[in-house]
Amino acid sequence: MNTALAGGRAFPHGGVAVYAVGFLLLVVGGLLLSPMLYLVFDPSELKWAKVFLVPAVPVSAVGLLMVLLSRRRRHGQVTVRLGAMIVVAGWLVAFVSSVYPICRLAGLSFSQGMFEAVSGWTTTGLSVVDVDAAPRILLVWRSTMQLAGGAGLAIIMLAVFSLPVGAGLYRAEGRNDQLAPHVLASTKLVLLLYSVYVTSGTVAYRLSGMAWFDAVNHAFCAVSTGGFSTRAQSIGYWNSPAVEAVSLPLMLLGNMNFVTAYLLFRGKLRPFGRNGEVRTAFVLLAAGCCVLFFVGTGSLYPSVDRRVRVAVFETVTALTTTGYSTVGYTAWPGAGFLVLLVLMLVGGGSCSTAGGIKQLRILILFKEALWEIRRSLLPRRVVGRARVYHTEDRLFLTDRMVSSVGSYVFLYLGVWLVGSIVMASFGYPLRDSLFEFASSVGTVGLSVGITGPDTHVVILWLEMVGMVLGRLEFFVVFVAIGGVARGLGAVSRKPARR
């Protein structure tokens, strides 16, 4: 067996993989050029155009070359494993190609620039950039990264180029539920909903008192549950009930499964109201607001209306993993601190732009636990299974489903604890370390002050690992690494004798 054959068996459907990665690079290159549109409105920053051209041109050129060279072998099935490898490759290119403009515009080191890029693309929102001193075109690019990262590079690619490469890429981006029978139709509907969110949010922010520049950037980051802001004080800069009122529905829409949101917009209120994730979110939000109002913030904000605003806004921003804030948390009592921590760990809806463990997984484990208690009290002859309502379907829980969810939650919490311990080993308080790494791995963006320009480089890279694992949901990264290792292992084996 020759080497070419070994490579072909090691990486089956390699042609379609190269073809898809090429188009992902074209998407990244096009996004790198998108900040140029801002120069139409602010020509004074034209001098910064070249910092985006430097990475955009080679990335686009390589992508085009890959597409042209593999176009005759583009037909093939994209499995989940292959889709994971393609998606991870695309995200890595997006991270690396974004470092140069960030470093040049903000005067950061490579590690700091990489941190900002990873935080942006993964819609986390932790930042080491001084936004008050940064050029405006950099703020536009930060918001654009979060908007694109929330939608997903593969989703954008499938919708724009209409590539018939199967559902592997769609699932690898964390979109297991489809809005339409066909994957391509689903991607277009996702981007349509996304566009409606952004347009409506921009107009609403402008009407609430924001300038157009701030309105566009905050709409980008609110619907993507990203949390980057044009102000160092985030939403708290405006101290405006109107601005906060606009932010709340945008964060909740970003938190919502796109299929669930589609049902709502189509007027299907009954399946929307029965949806298990919607009910779970309502219970968590209500409980979080009550705890923060009565015991979490009372000693800090004596005014009742201020306490209500803080309790509602901070609960929503933590559960939806958006990361906008109106106050600081360093002086918060333990009860309020714990509420935010739990909400960040739970996270948003499945197949949404939000991070965290996801509400559906928590609901599945809760329902299974109740069923186990109930089954112990019923006669042995009774047969049944726990069930949850998800989108329009009634989902019966199987042993394999519960085992998969349990494994994911165990892995998620294990990574969170290990990361927090490593962070605490650098001298940070354990409480702050638990909070900060939960924010990283949950792609939240809330901070108690650990992350900043002076943060140790090891902590920055630790948080980057957490962000990537949280955004791509662990198994996608592991499957991609395993696929590459398996392929390279097959190629490196000694050829068999005939």
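Residues are numbered from 1 along each chain as its sequence is written, and side-chain values use heavy atoms, with hydrogens and water left out. Because the model is predicted, local features need pLDDT of at least 70 and side-chain atom pairs count only at pLDDT 80 or more, while totals for chains, interfaces and linings use all residues.

**Salt bridges**

The structure holds five salt bridges, a salt bridge being a side-chain nitrogen of Lys or Arg within 4 Å of a carboxyl oxygen of Asp or Glu. Side chains of opposite charge can pair when their charged atoms come close.

Helices (H or I, at least four residues) and strands (E, at least two) are DSSP runs numbered from the N terminus. Both Glu244 and Arg309 are buried; buried means under 20% relative accessible area, exposed over 50%, and partly exposed in between (1.4 Å probe, protein chains only).

Glu473 sits in the loop between α20 (457-471) and α21 (475-492), and Lys358 in the loop between α16 (334-346) and α17, so the pair ties together parts 115 residues apart in sequence. Both of these residues, Glu473 and Lys358, are buried.
Arg361 is buried, as is Glu473.

**Positive patch**

A patch of positive charge on the surface is formed by Arg270, Arg274, Arg279, Lys367, Arg374, Arg387 and Arg394. Patch residues have over 30% relative accessible area and no salt bridge, and like charges are joined within 9 Å. Lys and Arg count as positive, and the place of a charge is taken as NZ of Lys or CZ of Arg. At least two residues of the patch come from each of α13 (269-274) and α17 (359-377). Arg394 is in strand β2 (residues 393-396) and, at 44% relative accessibility, counts as partly exposed.

Helix α10 (residues 212-223) has 12 residues and reaches 17 Å from its first C-alpha to its last, close to the 16 Å expected at 1.5 Å a residue. The expected span is 1.5 Å times one less than the number of residues. In α10, 10 of the 12 residues are buried, so the helix is largely enclosed by the rest of the structure. Among them are Phe213, Asp214, His218, Phe220 and Cys221.

The loop between α10 and α11 contains Thr225 and Gly226. Thr225 is buried at 0% relative accessibility, and Gly226 is likewise buried at 0%. The C-alpha atoms of Gly226 and Thr322 are separated by 5.1 Å, although these residues are 96 residues apart along the chain.

**Positive phi**

Most residues other than glycine have a negative phi. Phi of Thr225 is positive, near 50°. Cys351, also not a glycine, has a positive phi of about 55°. Cys351 lies in the loop between α16 and α17 and counts as buried at 6% relative accessibility.

Definitions and conventions: Patches are made of residues with over 30% relative accessible area and no salt bridge: like charges are joined within 9 Å, nonpolar side chains (Val, Leu, Ile, Met, Phe, Trp, Tyr) within 5 Å. Accessible areas come from the Shrake-Rupley method with a 1.4 Å probe; for residues, only the protein chains shown count as cover.
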